[in-house]
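Welcome! Take a moment to look at the structure below, and then let us walk through some of its parts together.

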Amino acid sequence: MTGLLLFHVSAFSQDTNFLVFLCFGQSNMEGFPGIEEQDKGPVDERFQVLAAVDFPKGGRTKGNWYPAVPPLCRPSAGLGPADYFGRTLVSNLPPHLRIGVVNVSVAGCKIELFEPASYQSYASNAAPWMKNIIKTYGGNPYQHLVEMAKLAQKDGVIKGILLHQGESNTNDKQWPAKVKGIYDSLLGDLNLKAEEAPLVAGELVGADQKGACASMNKIIGDLPKTIPTAHVISSAGCAGRPDRLHFTPAGYRELGKRYAETLLPLLGNKKTESK
């Protein structure tokens, strides 16, 4: 009886002032290990993360909300664009609004891992280290994202979907169509309207940083032709690491801020001022 009562209460506790964003992709969205001191907090309590997995050392339990101190994705991850996306939003939105993120990302994966029809064949041929990550998401990262998103919808309202992926699909001209399939599936499974939950995708480490996969940015740039509610975030000037695949902490801060600057007008607020 108590369980039924709790379910009844939570079903009607959705806060329309709690704006939730889903995040998925590969290692850059996951967050590259190595969190600098300035990024460890304190983080405004209005910015929360829904733990998509257990964080034993961090005291986080899957399915619960916590202050969004990095890492936001998995215990071994680091800083990513979602960190300063959320921090920038809360610093520019009215104080009654809160921000929540749900991050389900898999380092090194192709976009096929999030395709409901393709994930099994892709996952079965993945490297052992990737299979271990996939296992933390119950073997199906897409379905895990949906399940976590449904939990988040009990508390808040999903207002957008953030993507950073493409390194493993470099020069794949079918990538925009594959992303559209995943986006459409998420909208259907979560009962969302495209205009109320736009897709925001970030470019990979750019040519100005000698990015190893910079050629993919042209294909990413075509995303709005396939998805009318998609927005592409420039990575120009966002510092890359020597591996030419990942951003530095400063690069993630700037990229995350740009994600936020793109969404602020869509949320009815002016663009943040550059600092």
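With which handedness does α3 pass α10? The crossing of α3 past α10 is right-handed; a crossing is called right-handed if the near helix is turned clockwise from the far one by less than a right angle, and left-handed if anticlockwise. Before going on, please note that this is a predicted model, where local features need pLDDT of at least 70, side-chain atom pairs count only at pLDDT 80 or more, and totals for chains, interfaces and linings use all residues. Residues are numbered from 1 along each chain as its sequence is written, and side-chain values use heavy atoms, with hydrogens and water left out.

**Two helix pairs**

Helices (H or I, at least four residues) and strands (E, at least two) are DSSP runs, numbered from the N terminus. The table gives the packing of two pairs, with axes as lines fitted to C-alpha atoms over the stretch in contact, and angles running from 0 to 180 degrees between N-to-C directions.

| Pair | Angle | Axes apart |
|---|---|---|
| α3 (residues 81–92) and α10 (residues 249–266) | about 50° | 7 Å |
| α6 (residues 141–153) and α7 (residues 175–189) | about 35° | 11 Å |

The helices α3 and α10 are therefore oblique to each other, since angles under 35 degrees count as roughly parallel, over 145 as roughly antiparallel, 65 to 115 as roughly perpendicular and the rest as oblique. On the α3 side, the contact (heavy atoms within 4.5 Å) includes Tyr84, Phe85 and Leu89.

From α6 come Tyr142, Leu145, Val146 and Lys150, which meet Ile182, Ser185, Leu186 and Asp189 of α7. Five of these contact residues are nonpolar, one is polar and two are charged.

**Backbone details in the loops**

Where are the cis peptide bonds? One runs from Gly41 to Pro42, with omega near 5°, and Pro42 sits in the loop between α2 (27–30) and β2 (47–50). Another joins Pro70 and Pro71, with omega about 5°; Pro71 belongs to the loop between β3 (65–67) and α3.

Although Asn171 is not a glycine, its phi is positive, about 70°, and Asn171 lies in the loop between β5 and α7. Arg244, not a glycine either, has a positive phi of about 65° and is found in the loop between β7 (230–233) and α10.

Notes. Nonpolar A, V, L, I, M, F, W, Y, C, P; charged D, E, K, R; others polar.
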